Amino acid sequence: MTVLEQPGAYRPTPPPAWQPRVDAAPLLPDAEPYRLLGTDAAADIDPALLTRLYGELVRGRRYNTQATALTRQGRLAVYPSSTGQEACQVAAGLVLREQDWLFPSYRDTLAAVVRGLDPVHALTLLRGDWHSGYDPRDHRVAPLCTPLATQLPHAVGLAHAARLKGDDVVALALVGDGGTSEGDFHEALNFAAVWRAPVVFLIQNNGFAISVPLAKQTAAPSLAHKAVGYGMPGRLVDGNDAVAVHQVLGEAVRRARAGGGPTLVEAVTYRLEAHTNADDATRYRSDAEVEAWRAHDPITLLEEAMRDRGLLDDQAVQSARDAAERMAADLRTRMHQDPALDPMDLFEDVYAEKTGQLREQADALRAELAAEEGER
């Protein structure tokens, strides 16, 4: 007989663990992706913002096509194009303040470029020349993350640390729909919500995790609905409506900065190109599906809206294209220059101070290089 089974034993009332800690209703996303372009609210959008978004979208599309061409020419080892997803990339790059941090995945080089990173530096990792290609502190852009979703806990940790220090910093972490199937996604969102960390998660749902469609990854009503289980708001937005994405992300960033905690944003978009240059997308999706999404191209949507308001004409369109072409020409010229690489740089910028093991490895490589030089 246990103590609780004895006659007259004290039986404490179990804590109400089954009861919800917060009302779930305010956390739920809209039933349909939020849109601005094509609605009455579009008339109130700041013309200066529209012009900036349009210029960046055009430049971003040209950046994507140029990087893809460089891959075919052997100047890049691989390039995961964001063609069709430029609205998400541009909005993410523009919505942050200078002191904030962007945590990109491998497909998010355009967001880093919009943030201010040199296009050549953004592509250096994909060229295979350097660990990262840039100093993350220069523009507060974390290294491009190839392992799925591992950048998300990093973003939470930085944001939580900034809050503890009293720094006015928000972290914006980008991830694809495939990354939401990783354990790091769960851990990051759970910690962020419990700590009320000033971080925003942007899921770019382009429909496929390489070749695996979303329906085979999750049975959730939407990826934004997953936010409710962690106790944070979920927002569902049309990922090809650049203005809507910018507004939703802006609201989430302001909420985080004001101490409101994290937000999960799902942007419904589409990857028009293959997963990478090594992928054959025709094996898992039809041409008809791709063409249907081309009709919802983010550049076309914004261009039509601006023309309707008299904010864009043929001359302005050509000016944006000319600026994008100048960027592409500069990128092409510089990427065709063979970099001067020093193997000893492998040991730089790994730790603030080299460890004993790292020094041993550097000495071993130095001796090996000297021996090779002596044999010539």
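A polar contact of 2.8 Å joins the side chains of Thr83 and Ser81; a polar contact here is a pair of N or O atoms within 3.5 Å, where within protein one must be able to donate a hydrogen and the other to accept it, and residues adjacent in sequence count only if both atoms are side-chain atoms. Welcome to a predicted model, in which local features need pLDDT of at least 70, side-chain atom pairs count only at pLDDT 80 or more, and totals for chains, interfaces and linings use all residues. Residues are numbered from 1 along each chain as its sequence is written, and side-chain values use heavy atoms, with hydrogens and water left out.

**Overall layout**

- The protein chain has 13 helices and seven strands; helices (H or I, at least four residues) and strands (E, at least two) are DSSP runs, numbered from the N terminus.
- Its C-alpha trace spans about 90 × 65 × 45 Å along the principal axes of the protein chain.
- Of the 376 residues in the protein chain, 46% are buried, where buried means under 20% relative accessible area, exposed over 50%, and partly exposed in between (1.4 Å probe, protein chains only).
- The domain assignment gives domain 1 (25–335) and domain 2 (343–375), with bounds that come from an automatic or database domain assignment.
- The centres of domain 1 and domain 2, taken over C-alpha atoms, are 38 Å apart.
- Among contacts between residues at least 6 apart in sequence, 75% join residues at least 24 apart; contact means heavy atoms within 4.5 Å.

**Around Thr83 and Glu86**

- Thr83 sits in the loop between helix 1 and helix 2, and counts as buried because its relative accessible area is 5%.
- Not counting residues up to four places away in sequence, Thr83 touches Arg61, Asn64, Tyr270, Arg271, Leu272 and Glu273.
- Thr83 and Tyr230 are 147 residues apart in sequence, and C-alpha to C-alpha they are 31 Å apart in space.
- Glu86 belongs to helix 2, and it is classed as buried because its relative accessibility is 0%.
- The side chains of Glu86 and Arg61 make a polar contact (2.6 Å).
- Apart from neighbours within four places in sequence, Glu86 is in contact with Leu57, Gly60, Arg61, Asn64, Leu110 and Pro298.

- Helix 11 covers residues 298–308, and its buried residues are Pro298, Ile299, Leu301, Leu302, Glu303, Ala305 and Met306.
- These buried residues are covered by elements including helix 1 (47–72), helix 2 (86–94), helix 9 (242–257) and helix 12 (314–335).
- At the N-terminal end, Asp297 caps helix 11, with a side-chain oxygen 2.7 Å from the backbone nitrogen of Ile299.
- After helix 11 comes Gly310, which has a positive phi, near 75°.

**Helix 1 against helix 12**

- The axes of helix 1 and helix 12 come within 9 Å and cross at roughly 35°; axes are lines fitted to C-alpha atoms, for helices over the stretch in contact, and angles run from 0 to 180 degrees between N-to-C directions.
- On the helix 1 side the contact is made by Tyr54, Val58, Arg59, Arg62, Tyr63, Gln66 and Leu70, and on the helix 12 side by residues including Val317, Ala320, Ala324, Ala328 and Leu331.
- By class, this contact has 11 nonpolar, one polar and five charged residues; Ala, Val, Leu, Ile, Met, Phe, Trp, Tyr, Cys and Pro count as nonpolar, Asp, Glu, Lys and Arg as charged, and the others, Gly among them, as polar.

- Most residues other than glycine have a negative phi.
- Ala149 has a positive phi of about 70° although it is not a glycine, and it lies in the loop between helix 5 (136–139) and helix 6.
- Ala149 counts as buried because its relative accessible area is 2%.
- Asp349, also not a glycine, has a positive phi near 60° and is found in the loop between helix 12 and helix 13 (356–375).
- Asp349 counts as exposed because its relative accessibility is 68%.

**His160 in helix 6**

- His160 is part of helix 6 (residues 151–165), and it counts as buried because its relative accessibility is 14%.
- Not counting residues up to four places away in sequence, His160 touches Trp195, Ala197 and Pro198.
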